[in-house]
Amino acid sequence: MLHNLKINKEFFDPVLTQIKTFEIRKNDRNFHVGDKVILNEWDNEKKQYTGRKTNIEIIYITDYEQKDNYVVFSFKML
């Protein structure tokens, strides 16, 4: 499965530098290990995409201690 997701500008560079290797998301897309994700950088002030994006793959998922229907997934860069 391929998911296109928004990621706020403040979190995008930490993903690119591999400091941030997880996402907490509402599981409204039925995420699975092995799913590919395109993270599209979003500028919340301008209310528009910046045009920068990166590709990742989900490598681990848990809902431990999360709000209902939320998951944490870790990922690797592609």
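The questions and answers below go through the terms applied to this predicted model.

Local features here need pLDDT of at least 70 and side-chain atom pairs count only at pLDDT 80 or more, while totals for chains, interfaces and linings use all residues. Residues are numbered from 1 along each chain as its sequence is written, and side-chain values use heavy atoms, with hydrogens and water left out.

Q: What makes the sheet an open one with edges, and what is its strand order?
A: The open sheet has 5 strands in the order 1-3-4-5-2, with mixed pairing. Strands are DSSP runs of E with at least two residues, helices are runs of H or I with at least four residues, and both are numbered from the N terminus. Strand 1 (2-8) and strand 2 each have a single partner strand, so one side of each is left without a neighbour in the sheet. From one strand to the next, the twist averages 45°.

Q: In what sense do strand 3 and strand 4 pair, and what stands opposite valine 37?
A: Strand 3 and strand 4 pair in the antiparallel sense over 7 bridges. Opposite valine 37 stands isoleucine 56 in strand 4.

Q: How many bridges join strand 2 to strand 5?
A: There are 5 bridges between strand 2 and strand 5, which run antiparallel. Isoleucine 24 has valine 72 in strand 5 as its bridge partner.

Q: Which strands does helix 1 lie across?
A: Helix 1 (residues 9-16) lies across strand 1, strand 3, strand 4 and strand 5, and runs at about 115° to strand 1. The angle is taken between N-to-C directions, from 0 to 180 degrees, with axes fitted to C-alpha atoms, for helices over the stretch in contact. Contact means heavy atoms within 4.5 Å.

Q: Why is phenylalanine 31 called buried?
A: Buried means under 20% relative accessible area, exposed over 50%, and partly exposed in between (1.4 Å probe, protein chains only). Phenylalanine 31 has 5% relative accessibility, so it counts as buried.

Q: Why is the pair of phenylalanine 31 and phenylalanine 73 called tilted?
A: The whole structure holds 2 aromatic pairs. In this one, phenylalanine 31 and phenylalanine 73 are 5.1 Å apart centre to centre, with 55° between the planes. Rings of Phe, Tyr and Trp (its six-membered ring) pair if their centres lie within 6.5 Å; planes under 30 degrees apart count as stacked, over 60 as edge-to-face and the rest as tilted. The angle of 55° falls in the rest, so the pair is tilted. Phenylalanine 31 is in the loop between strand 2 (22-26) and strand 3 (36-43), and phenylalanine 73 is in strand 5 (residues 70-77), 42 residues apart. Phenylalanine 73 is buried, at a relative accessible area of 0%.

Q: What makes the pair of tryptophan 42 and tyrosine 49 edge-to-face?
A: The planes of tryptophan 42 and tyrosine 49 stand at 75°, with 4.9 Å centre to centre. An angle over 60 counts as edge-to-face, so the name follows. Tryptophan 42 is buried at 12% relative accessibility, whereas tyrosine 49 is partly exposed at 45%.

Q: How do you know that a charge sits over the ring of tyrosine 70?
A: The charged end of lysine 67 is 4.9 Å from the centre of that ring. The term requires NZ of Lys or CZ of Arg within 6 Å of the ring centre and within 35 degrees of the ring normal. Lysine 20 likewise lies over the face of phenylalanine 22, at 5.0 Å from the ring centre.

Q: What makes up the largest nonpolar core?
A: A nonpolar core is a set of buried Ala, Val, Leu, Ile, Met, Phe, Trp, Tyr and Cys residues joined through side-chain atoms within 4.5 Å. The largest one has 12 residues in all, among them Leu5, Phe12, Phe31, Val37 and Phe73. Strand 5 gives the most to this core, with 3 residues.

Q: Why is lysine 47 called exposed?
A: Lysine 47 has a relative accessible area of 55%, so it counts as exposed. In the hairpin of strand 3 and strand 4, which has 4 residues between the strands, lysine 47 takes a positive phi near 55°.

Definitions and conventions. Pairing = 2+ DSSP bridges.
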